[in-house]
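Subject: A structure for you to look at

Hi,

Here is the structure I promised to pass on to you. Please open it first, and then read my notes below alongside it.

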Amino acid sequence: MDSSRRIIPVLDDASSFDSCVGAEPEEGGACRHHMTHCTPPNQEIRRLVLSVNDRWHYCHQSDVLIGSRDMRNRHLRLTGAELLQLPYFELEKLNGIEDVKKYVHQKLLRIADLS
């Protein structure tokens with residue numbers, strides 16, 4: 001997300017953004033070279049991992065993640081990534097793609113507010 005709380009898709013690694021600074025943007029702000037939104041030099045880049053956790057990612061009849069999934073999350077955090085968990089028991093309550101979009105957007109805004 002940028003400082004105005006817009007979601008910025010990132011398709012390349014962060015080091016490649018250096019070549020975008022000063023590049024002429026396409027319509028919508030995408031760089032012609034990377035076809036992704038470029039981050040100005042004074043803007044912070046945050047790595048976010050969207051983790052969809054299905055029923056088999058949890059211990060039996062529990063909301064505790066199994067060891068391999070929990071270790072994966074721990075390793076991702078150690079790399080500096082922020083995790084956005086989408087557990088199946090919350091996703092099952094939603095009706096249709098529009099509800100899912102609203103749900104994910106609200107979770108993204110909550111993460112942006114925490115920083």
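Glu98 forms a salt bridge with Lys101, with 3.5 Å between the closest N and O atoms. A salt bridge here is a side-chain nitrogen of Lys or Arg within 4 Å of a carboxyl oxygen of Asp or Glu. Both residues lie in helix α3, 3 residues apart, which is about one turn of the helix.

Before going further, please keep in mind that this is a predicted model: local features need pLDDT of at least 70, side-chain atom pairs count only at pLDDT 80 or more, and totals for chains, interfaces and linings use all residues. Residues are numbered from 1 along each chain as its sequence is written, and side-chain values use heavy atoms, leaving out hydrogens and water.

Now the overall layout. The protein chain has 3 helices and 2 strands, in the order β-α-β-α-α along the sequence. Helices (H or I, at least four residues) and strands (E, at least two) are DSSP runs, numbered from the N terminus. Of the 115 residues in the protein chain, 27% are buried. The chain exposes about 8200 Å², and carbon and sulfur atoms supply 54% of that area; accessible areas come from the Shrake-Rupley method with a 1.4 Å probe, and for residues only the protein chains shown count as cover.

Back to the charged pairs: the structure holds 4 salt bridges. Side chains of opposite charge can pair when their charged atoms come close. One of the bridges joins the side chains of Arg46 and Glu82 (2.7 Å, N to O). This pair links distant parts of the chain, with Arg46 in the segment before β1 and Glu82 in strand β2, 36 residues apart. Arg46 is partly exposed at 24% relative accessible area, and Glu82 is partly exposed at 27%. Another bridge joins Glu90 and Lys107, whose closest N and O atoms are 3.7 Å apart. Here Glu90 sits in helix α2 (residues 88-91) and Lys107 in helix α3, 17 residues apart. Glu90 is partly exposed at 26%, whereas Lys107 is buried at 13%.

What makes up the largest nonpolar core? Its 6 residues are Leu84, Leu86, Tyr103, Val104, Leu108 and Ile111. A nonpolar core is a set of buried Ala, Val, Leu, Ile, Met, Phe, Trp, Tyr and Cys residues joined through side-chain atoms within 4.5 Å.

Next, have a look at Arg69 in helix α1 (residues 67-78). Arg69 is buried yet has no salt bridge, and the nearest side chain of opposite charge, Asp54, is 8.8 Å away. (Lys and Arg count as positive and Asp and Glu as negative; His and the chain ends are not counted.) Leaving aside neighbours within four places in sequence, Arg69 is in contact (heavy atoms within 4.5 Å) with Ser51, Val52, Asn53 and His57.

Finally, turn to Gln61, in the loop between β1 (48-53) and α1. Most residues other than glycine have a negative phi. Gln61 is not a glycine, yet has a positive phi of about 50°. Gln61 counts as exposed, at 76% relative accessibility.

Enjoy exploring!

Conventions:
Buried means under 20% relative accessible area, exposed over 50%, partly exposed in between (1.4 Å probe, protein chains only).
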